[in-house]
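Me: I would like a close look at one residue and its surroundings, followed by how the rest of the model is put together. Please keep it plain and go step by step.

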There are 2 protein chains.
Amino acid sequence: MGQAEVRVTAAILVIGDEILSGRTKDKNIGYIADHLTAIGIDLREVRVVADIEEEIVEAVNALRRRYSYVFTTGGIGPTHDDITADSIAKAFAVGIDHHPEVKQLLLESFQKRGIEPTDARMRMARIPHGADVVPNRMSVAPGFKLENVIVMAGIPNVMHVMLDAVTPSLKTGRKRLAVEIEILRGEGEIAELLGETQGEYPDVSMGSYPFNREARVFGTVLVLRSTEPDLLEAAVARLKERLTAKGIPF
Amino acid sequence: MGQAEVRVTAAILVIGDEILSGRTKDKNIGYIADHLTAIGIDLREVRVVADIEEEIVEAVNALRRRYSYVFTTGGIGPTHDDITADSIAKAFAVGIDHHPEVKQLLLESFQKRGIEPTDARMRMARIPHGADVVPNRMSVAPGFKLENVIVMAGIPNVMHVMLDAVTPSLKTGRKRLAVEIEILRGEGEIAELLGETQGEYPDVSMGSYPFNREARVFGTVLVLRSTEPDLLEAAVARLKERLTAKGIPF
């Protein structure tokens with residue numbers, strides 16, 4: 001059971017000086033993490049790098065070889081610091097040029113809005129050779145997918161429509177199911193019994209997350225995850241048995 | 001001028017399955033980024049990895065060799081999935097044991113609170129050999145600093161007091177100053193003039209960040225950064241000249 005399942009993994013690469021300086025607080029990592037978990041792709045790593053070509057190239061090449069997919073955000077606008085498309089072309093050692101369809105799309109959109117198609121604006125039509133366009137129904141300039149690397153905008157609502165657009169073309173694995181158990185005790189109180197239960201069910205991942213709400217409400221959320229509903233249910237039952245035996249309400 | 005300055009760099013390593021699953025939304029990266037920028041340390045890279053020893057070891061070793069400091073968050077509690085301290089010891093190939101002072105601190109705190117000093121709870125006294133303790137005035141169990149790696153809790157308010165505690169011992173570089181200019185135009189409108197100004201002032205970093213507020217308020221923030229106040233001022237003046245020449249208010 002579950003042996004034949006293909007595990008599909010992913011990494012996120014956030015490209016942006018503004019995240020590293022603290023000026024912009026990233027909201028894309030959490031959003032993409034939720035999305036991938038929901039569709040059955042295991043997010044395994046995240047990196048944030050500066051707007052520096054060699055650092056982007058190195059990160060893309062490390063991550064694309066290690067995971068099924070790499071999702072990048074940021075650096076695909078019209079200004080000189082938008083170097084993602086060129087960096088991806090370099091990482092794959094392919095050429096890059098104005099993509100005929102995208103060029104057309106941008107020209108039409110600029111004309112409709114009475115905007116001049118300057119060289120800077122037309123840079124947004126530059127797509128590495130061999131890439132598929134990821135449509136952007138929010139603001140026209142698209143993302144792209146080159147092999148297993150999906151390149152998206154950094155602005156959250158633009159990234160969202162690109163992620164939606166690319167999702168049907170992604171292969172996905174079995175979804176990991178999760179059960180959460182909240183207790184009003186510290187982690188120290190349940191560390192032993194959780195560790196014992198983990199030992200009995202090595203294939204169910206078990207985590208504990210302390211919380212601290214308002215003034216004096218503190219406790220721990222126990223999270224159990226597995227792709228196997230029966231196994232998960234058994235592990236949850238065993239953990240609850242142990243909590244009950246120790247007189248800990250849940 | 002500015003040639004003799006020591007550039008101090010840093011990376012953040014977030015350790016946590018719960019960030020990768022999307023269950024917890026990270027708030028530490030942005031906080032640490034702001035703090036480092038304010039004290040004159042350049043944050044250059046961030047990684048998020050799972051609670052897996054070999055992945056933590058690999059990331060720590062890659063980052064500690066590349067940057068002046070590595071700040072880790074997460075994985076230092078009492079449960080079986082808290083493997084950061086052991087992973088750091090492994091990365092440095094040093095031993096790890098109960099630290100006498102920390103052991104004493106924890107025992108006193110547990111006694112005061114009427115809590116049993118179980119093996120699990122006492123795991124929080126395990127500190128790699130050669131590390132300095134980073135005090136935690138929030139919840140006792142400390143972080144630590146081993147060479148250039150600073151290990152902190154994942155819970156934001158606990159991380160904050162650890163970061164404050166370690167800050168006086170950090171070497172810092174010259175602070176990067178920033179000037180922001182907000183315009184109510186899209187990036188396409190200023191891409192050329194910004195690129196030209198960047199060409200004239202290669203040592204001032206210039207970024208542009210589109211925004212989209214409420215219904216129809218959109219625009220771009222231009223951010224110029226440098227450690228040299230005079231150079232920064234000159235670059236800002238030049239950019240404003242160009243904006244004025246193009247009839248763009250700021």
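Reply: Two residues are taken to be in contact if their C-beta atoms, placed from the backbone, lie within 7 Å. The model is a predicted one.

With that cut-off, which residues does Glu182(A) touch, leaving aside those up to four places away in sequence? They are Gly219(A), Val221(A) and Phe250(A). Glu182(A) itself belongs to strand β9 of chain A, residues 177-183.

Chain A is divided into domain 1, residues 9-169, and domain 2, residues 177-245. Taken over C-alpha atoms, the centres of these two domains of chain A lie 38 Å apart.

The chain as a whole comes next. Chain A holds nine helices and eleven strands. Its radius of gyration is 22 Å, well over the 18 Å that the globule rule gives for 250 residues, so chain A is more spread out than a compact globule. The C-alpha trace of chain A spans about 70 × 45 × 35 Å along its principal axes. Of the 250 residues in chain A, 44% are buried. Among the contacts of chain A with a separation of 6 or more, 67% are between residues 24 or more positions apart.

Strand β3 of chain A, residues 69-73, is a covered element: five of its five residues are buried. In a regular strand the side chains alternate between the two faces of the sheet. In β3(A), Tyr69(A), Phe71(A) and Thr73(A) point one way, while Val70(A) and Thr72(A) point the other way, and all are buried. Which strands pair with β3(A)? One is β1 of chain A, residues 9-15, which runs parallel to β3(A) and is joined to it by five bridges. Within that pairing, Ala10(A) stands opposite Tyr69(A). Another is β8 of chain A, residues 149-152, also parallel, over four bridges. There, Phe71(A) is opposite Ile150(A).

In chain B, strand β1, residues 9-15, is mostly covered, with six of its seven residues buried. Five bridges join β1(B) to β3(B), residues 69-73, in the parallel sense, and Ala10(B) has Tyr69(B) as its bridge partner in β3(B). β1(B) also runs parallel to β2(B), with seven bridges between them. Val14(B) stands opposite Val48(B) in that pairing.

From β2(B) the pairing continues across the contact between the chains. Strand β2 of chain A, residues 42-49, is joined to β2(B) by five bridges, and the two run antiparallel. Val49(A) has Glu45(B) as its bridge partner.

How many residues does each chain bring to the contact? Chain B gives 46 residues and chain A gives 46 residues. On the side of chain B that touches chain A, α1 (17-20), α2 (28-39), β2 (42-49), α6 (119-122), α8 (187-200) and β10 (205-213) each supply at least two residues. The residues of that side of chain B divide into 17 nonpolar, 16 polar and 13 charged.

A rotation of 180°, with 0.0 Å of shift along its axis, superposes chain B on chain A with an RMSD of 0.0 Å. That is the relation of a two-fold axis. Both copies use the same surface, since 100% of the contact residues of chain B recur in chain A. Among the residues of chain B, Arg47(B) comes closest to the rotation axis, with its C-alpha at 2.2 Å.

Two backbone details remain. Val140(A) is not a glycine, yet its phi is positive, about 70°. Val140(A) sits in the loop between β6 (132-134) and β7 (143-146) of chain A, and with 17 C-beta neighbours inside 10 Å it counts as partly exposed. Ala93(B), also a residue other than glycine, has a positive phi near 55°. Ala93(B) is placed in the loop between α4 (84-92) and β4 (96-98) of chain B, and it is exposed, with 9 other C-beta atoms within 10 Å.

Methods
Residues are numbered from 1 along each chain as its sequence is written. Chains are lettered from A and ligands numbered from 1 in the order in which they are written. This is a predicted model: local features need pLDDT of at least 70, side-chain atom pairs count only at pLDDT 80 or more; totals for chains, interfaces and linings use all residues. Ala, Val, Leu, Ile, Met, Phe, Trp, Tyr, Cys and Pro count as nonpolar, Asp, Glu, Lys and Arg as charged, and the others, Gly among them, as polar. Two strands pair if DSSP finds at least two bridges between them. The radius of gyration is taken over C-alpha atoms; the globule rule is 2.2 Å times the number of residues to the power 0.38. A residue is buried if 20 or more other C-beta atoms lie within 10 Å of its own, exposed if 12 or fewer, and partly exposed in between; C-beta atoms are placed from the backbone. Copies are superposed by least squares on the C-alpha atoms of residues with pLDDT of at least 70 in both. Domain bounds come from an automatic or database domain assignment.
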